[in-house]
Amino acid sequence: MTRSSLPGALMLTPLIGATYSWMPALGVWLMSVVVFSAFGLAMAGLRLRLTPASRLVAAVILAATFTSCLQLALQAMALQWHQQLGLYSGLIALQCVVLEYSGFHQRPVIDRLRLAAIFGVLMVGLGLLRQLLGDSGLRLATLAPGGFIVLGLLIAARQAWARPISSN
């Protein structure tokens with residue numbers, strides 16, 4: 001696995017696991033946006049003042065702190081979401097550290113917003129599609145293997161749609 005593919009690979013777990021319905025998908029996406037934004041702002045002030053070794057420690061501490069604070073706030077204000085998303089909040093902290101070292105926070109703001117919007121559309125869209133398939137009787141769509149199947153079918157459909165038609 002290359003260094004540039006690691007951030008995308010880490011987002012596959014919440015994309016498959018938290019999208020059995022649109023509500024947890026929306027929750028994971030909103031948590032990700034809040035934590036990534038707070039982390040990016042905090043690290044922007046610290047990045048130039050720290051050595052590479054201490055930057056890693058600071059990134060881990062900041063990501064864990066922001067994620068834990070958000071998780072505690074969710075537990076106090078929205079217990080149902082907290083129960084559904086508890087497993088994936090730790091991955092958000094890990095994703096912050098990986099994005100820091102992949103150069104994500106040094107990109108222009110418009111690129112970061114575009115990537116966050118694409119991830120949100122993917123999360124909520126896949127969650128809504130899996131929920132609709134599950135409600136229509138296809139129970140497998142709401143389970144993790146069904147998430148891989150639905151995502152694979154969507155990727156195959158996109159590639160088939162984007163492929164130019166060749167004339168024989």
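The protein chain of this predicted model contains 7 helices and 0 strands, where helices (H or I, at least four residues) and strands (E, at least two) are DSSP runs numbered from the N terminus. Read from the N terminus, its elements follow the order α-α-α-α-α-α-α. Residues are numbered from 1 along each chain as its sequence is written. Local features require pLDDT of at least 70 and side-chain atom pairs pLDDT 80 or more, whereas totals for chains, interfaces and linings use all residues, and side-chain values use heavy atoms, without hydrogens and water.

Along the principal axes, the C-alpha atoms occupy a box of roughly 60 × 50 × 25 Å. Of the 168 residues, 32% are buried (under 20% relative accessible area, 1.4 Å probe, protein chains only). Among contacts (heavy atoms within 4.5 Å) with a separation of 6 or more, 71% involve residues 24 or more positions apart.

Helix H3 (residues 22-46) packs against helix H4 (residues 52-77) at an angle of about 145°, with the axes 10 Å apart; axes are lines fitted to C-alpha atoms over the stretch in contact, and angles run from 0 to 180 degrees between N-to-C directions. The crossing of H3 over H4 is right-handed, that is, the near helix is turned clockwise from the far one by less than a right angle. Residues of H3 in the contact include Met-31, Phe-39 and Leu-46, and those of H4 include Arg-55, Phe-66 and Leu-74. By class, this contact comprises 15 nonpolar, 1 polar and 1 charged residues, with Ala, Val, Leu, Ile, Met, Phe, Trp, Tyr, Cys and Pro taken as nonpolar, Asp, Glu, Lys and Arg as charged, and the others, Gly among them, as polar.

Technical notes: Buried means under 20% relative accessible area, exposed over 50%, partly exposed in between (1.4 Å probe, protein chains only).
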